[in-house]
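Please look over the model below before reading on. The report then takes it from overall fold to single residues.

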Amino acid sequence: MTSLLAAEDIVHHLLDYTQTAGLTAHQWLLVGIAVFTIVLFTVMARRTTEVPPKKGFFALLEFTLVWLRDEIVYAWLGPERGRRFLGFFWTMFFFILFCNLLGLLPFPFNPWERTPTGNLAVTGALAAVTFVVTQLSGMREHGYLKYWIHLVPAGTPLFLWPLVWVIEFIGLFTKPFALTVRLFANMTGGHAALLALFGFLYFVPHSNSGILGVPTTIASFGFILFILLLETLIALIQAYIFTVLSAIFVSLAVAEEH
């Protein structure tokens with residue numbers, strides 16, 4: 001197994017940040033996904049305005065938008081507040097989803113064969129955006145000074161006030177840190193498993209006789225299909241979790257009892 005991992009060089013494949021034409025592979029993927037997301041929603045807006053889609057891809061997309069609005073944004077922020085954040089959460093969900101799914105596509109659809117969300121810099125940037133939106137929303141809702149003072153719950157004894165404030169302040173940063181690590185770990189773990197299985201698929205036939213290599217290769221191929229299906233589900237779940245946690249953080253920042 002050690003020789004297999006060394007031969008396939010999985011770690012280098014996952015952490016390859018070498019530049020090509022001024023950008024790294026992950027940056028090229030992010031640019032492509034951003035352009036695709038903008039074009040998709042532009043076309044979607046025009047089709048919905050002219051003739052609401054009744055079936056097909058755009059009908060599924062519209063259903064997803066409505067579901068995100070009602071089950072996540074409005075559920076945590078309410079219709080009045082949530083309407084202001086719809087664009088942000090819609091964009092966040094689909095951008096992360098497309099990033100997750102792109103990493104599962106083979107060449108030539110994904111020539112670098114990498115997952116953008118398998119990069120800590122990418123997940124950290126997404127979490128930082130959520131952090132900034134959360135804090136600005138809270139300060140806008142309650143006032144700049146009042147927001148920071150009211151980090152401490154009402155009724156806290158005066159002698160505990162400084163300690164509780166420091167703890168709550170640190171908690172503001174642990175939330176985006178959790179978002180960063182959760183998304184990165186889930187997407188990197190699945191991608192590493194796929195690389196190891198592909199290593200078996202290519203490595204075993206050259207190290208064993210044909211009789212032994214055939215069933216092993218078939219088993220590896222079956223596991224690859226299973227992991228791909230599982231990773232597709234995980235890609236959707238992780239986009240949902242990131243979005244719903246972001247909505248919860250924003251709702252806590254703008255809540256009346258903050």
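**Overall fold**

This is a predicted model. The secondary structure comes to 8 helices and 2 strands. From the N terminus, the order of elements is α-α-β-β-α-α-α-α-α-α. The protein has 258 residues, and 41% of them count as buried. Take the contacts between residues at least 6 apart in sequence: 72% of these join residues at least 24 apart. The accessible surface comes to about 14700 Å². Carbon and sulfur atoms hold 73% of that surface.

Helix α4 covers residues 57-102. A straight helix of 46 residues would span 68 Å at 1.5 Å a residue. Between its end C-alpha atoms, α4 spans only 17 Å. Where is the kink in α4? A kink of about 120 degrees lies at Gly 78.

**Salt bridges**

The structure holds 3 salt bridges.

| Pair | N to O distance |
|---|---|
| Arg 69 and Asp 70 | 2.9 Å |
| Arg 81 and Glu 141 | 3.1 Å |
| Arg 84 and Glu 141 | 3.8 Å |

Arg 81, Arg 84 and Glu 141 are linked in a network of salt bridges. Glu 141 pairs with Arg 81 at 3.1 Å. Glu 141 sits in helix α5 (residues 120-142) and Arg 81 in helix α4, so this pair ties together parts that are 60 residues apart in sequence. Glu 141 also pairs with Arg 84, at 3.8 Å. This second pair again links distant parts of the chain, with Glu 141 in α5 and Arg 84 in α4, 57 residues apart.

How exposed are the partners? Glu 141 has a relative accessible area of 31%, so Glu 141 counts as partly exposed. Arg 84 is partly exposed too, at 49%.

The side chains of Arg 69 and Asp 70 meet in a salt bridge of 2.9 Å. Arg 69 is partly exposed, with a relative accessible area of 27%. Asp 70 is also partly exposed, at 34%.

**A nonpolar patch**

Which valines form a nonpolar patch on the surface? They are Val 31, Val 35, Val 39 and Val 43. Together they have about 300 Å² of accessible area. Val 43 lies in helix α3 (residues 25-50). Its relative accessible area is 36%, so Val 43 is partly exposed. The spacing of a helix bears on such a row. An α-helix has 3.6 residues a turn, so residues three or four places apart point the same way.

Is Val 250 buried or exposed? Val 250 is buried, with a relative accessible area of 0%. Val 250 lies in helix α8 (residues 210-254). Set aside its neighbours within four places in sequence. Val 250 is then in contact with Leu 77, Phe 85, Phe 89, Val 133, Thr 134 and Ser 137. Val 250 and Leu 136 are 114 residues apart in sequence. In space, their C-alpha atoms are 9.4 Å apart.

Methods: Residues numbered from 1 in each chain as written. Predicted model: local features only at pLDDT ≥ 70, side-chain atom pairs only at ≥ 80, totals over all residues. Heavy atoms only, no water. Salt bridge = Lys/Arg side-chain N within 4 Å of Asp/Glu carboxyl O. Buried < 20%, exposed > 50% of the residue type's maximum accessible area, 1.4 Å probe, protein only. Helix = DSSP H or I, 4+ residues; strand = E, 2+ residues; numbered from the N terminus. Patch = residues over 30% accessible without salt bridge, like charges linked within 9 Å, V, L, I, M, F, W, Y side chains within 5 Å. Areas by Shrake-Rupley, 256 points an atom, 1.4 Å probe, with all protein chains shown as cover. Contact = heavy atoms within 4.5 Å. Expected span 1.5 Å × (residues − 1). Bend = angle between axes of the 7 residues up to and from the residue.
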